[in-house]
Amino acid sequence: MADSVAQVKDASVKIEEIQGQVMTSLESISSSMEENAAGTEEVSANSEEVMATMNWFNENISELEKNTGHFKI
């Protein structure tokens, strides 16, 4: 009987150790997901800025093309 109690106690200690490792891993995953979410938001903002710059550039090119038509040599 004492052996069974000792085995259960050892198993409980091992289970607690594994639970601790799982919790540590979950916390790490959660932290990584938060960092990834922040990075995704930054990339999205940068993409919007790039698109706005491209639109501005294209508008200027169109305006330049119109204006150069007046100065045909």
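The structure, which is a predicted model, holds 1 salt bridge.

**View 1. The salt bridge between Glu-63 and Lys-66.** In this view Glu-63 is paired with Lys-66, and the closest N and O atoms of the two residues are 3.9 Å apart, a separation that counts as a salt bridge because the cut-off is within 4 Å. Side chains of opposite charge can pair when their charged atoms come close. Both Glu-63 and Lys-66 belong to helix α1, which runs over residues 2-68, and they are 3 residues apart, or about one turn of the helix. Glu-63 has a relative accessibility of 40% and therefore counts as partly exposed, whereas Lys-66, with a relative accessible area of 54%, is exposed.

**View 2. A nonpolar surface patch that includes Met-23.**

**View 3. The protein chain as a whole.** The protein chain has 1 helix and 0 strands, and its C-alpha trace spans about 105 × 15 × 10 Å along the principal axes. The radius of gyration of the protein chain is 31 Å, whereas a compact globule of 73 residues would have a value near 11 Å. Buried residues account for 0% of the 73 residues in the protein chain. The accessible surface of the protein chain comes to about 6800 Å², and carbon and sulfur atoms contribute 59% of that surface. As for charge, the protein chain carries 4 positive and 14 negative side chains, with the centres of the two sets lying 7 Å apart.

**View 4. Ser-25 and its separation from Phe-57.** Ser-25 is found in helix α1 and is partly exposed, its relative accessible area being 40%. Between Ser-25 and Phe-57, which are 32 residues apart along the chain, the C-alpha atoms are separated by 47 Å.

**View 5. Gly-39 and its separation from Val-8.** Gly-39 also lies in helix α1, where a relative accessible area of 28% places Gly-39 among the partly exposed residues, since that class lies between the buried limit of under 20% and the exposed limit of over 50%. The C-alpha atoms of Gly-39 and Val-8 are separated by 46 Å, and the two residues are 31 residues apart along the chain.

Technical notes
Residues are numbered from 1 along each chain as its sequence is written. This is a predicted model: local features need pLDDT of at least 70, side-chain atom pairs count only at pLDDT 80 or more; totals for chains, interfaces and linings use all residues. Side-chain values use heavy atoms; hydrogens and water are left out. A salt bridge is a side-chain nitrogen of Lys or Arg within 4 Å of a carboxyl oxygen of Asp or Glu. Helices (H or I, at least four residues) and strands (E, at least two) are DSSP runs, numbered from the N terminus. Buried means under 20% relative accessible area, exposed over 50%, partly exposed in between (1.4 Å probe, protein chains only). Patches are made of residues with over 30% relative accessible area and no salt bridge: like charges are joined within 9 Å, nonpolar side chains (Val, Leu, Ile, Met, Phe, Trp, Tyr) within 5 Å. Accessible areas come from the Shrake-Rupley method with a 1.4 Å probe; for residues, only the protein chains shown count as cover. The radius of gyration is taken over C-alpha atoms; the globule rule is 2.2 Å times the number of residues to the power 0.38. Lys and Arg count as positive and Asp and Glu as negative; His and the chain ends are not counted. The place of a charge is taken as NZ of Lys, CZ of Arg, CG of Asp or CD of Glu.
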